[in-house]
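Hi,

Here is the structure I said I would pass on. Please have it open while you read the notes below.

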Amino acid sequence: MIYDFAPGRGGQHVRDFLDEWKGKLICDDYSGYKQSFANGVTEIGCMAHARRKFFDLYVAGKSQIAEQAIELIGQLYQVEREAQCSALKNASGYSRIDHAVADPEPRTVQGFLEAPNLERMEP
């Protein structure tokens, strides 16, 4: 994990910092990253930001699809809470929890997010 501070919000700092790097970047929806994605960096979204988009959609339109997404993401959050509260906080403990408990939920969330019904959702 790397945190890099820049005095401004311009995208040029991001491009200078990442330079020729072509990995996977976990980030928010800050527009300064967009050119890096066009240049081969893989965008990995943040579950909290994804949940917020579904929540906003649910509040605005009472979408049942958005409500389902919020519930599925909530299941992932519950796995994380259980992992944090368990005595298995070390790296190997998290690994055991991830594989034993969390694996089905990401596939469920991924399948839901890739389903054709999402195409009907209004942004």
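Which residues form the largest nonpolar core? Keep in mind that this is a predicted model. That core has nine residues: F54, L57, I65, A66, A69, I70, L72, I73 and F112. The top contributor is α4, with six residues. In soluble globular proteins, nonpolar side chains tend to be buried together.

There is also a second, separate core. It has eight residues, including C27, Y30, Y33 and V41.

Next, the aromatic residues. Searching the whole structure gives two aromatic pairs. In one of them, the ring centres of Y30 and Y33 are 5.3 Å apart. Their planes meet at 85°, so this pair is edge-to-face, the cut-off being over 60 degrees. Y30 and Y33 also belong to one aromatic cluster with F37. Is Y30 buried or exposed? Y30 is buried: its relative accessible area is 13%.

Last, S63. Where does S63 sit? S63 is in the loop between α3 (47-61) and α4 (64-85). Its relative accessible area is 18%, so S63 counts as buried, which means under 20%. A polar atom of the S63 side chain lies 3.3 Å from the backbone nitrogen of I65. Setting aside neighbours within four places in sequence, S63 is in contact with L57 and Y58. L57 and I65 are both on the list for the largest nonpolar core.

Best wishes

Definitions and conventions: Residues numbered from 1 in each chain as written. Predicted model: local features only at pLDDT ≥ 70, side-chain atom pairs only at ≥ 80, totals over all residues. Heavy atoms only, no water. Helix = DSSP H or I, 4+ residues; strand = E, 2+ residues; numbered from the N terminus. Buried < 20%, exposed > 50% of the residue type's maximum accessible area, 1.4 Å probe, protein only. Polar contact = N/O pair within 3.5 Å; in protein donor to acceptor, adjacent residues only side chain to side chain. Contact = heavy atoms within 4.5 Å. Phe/Tyr/Trp six-rings, centres within 6.5 Å; stacked < 30°, edge-to-face > 60°. Core = buried A, V, L, I, M, F, W, Y, C linked by side-chain atoms within 4.5 Å.
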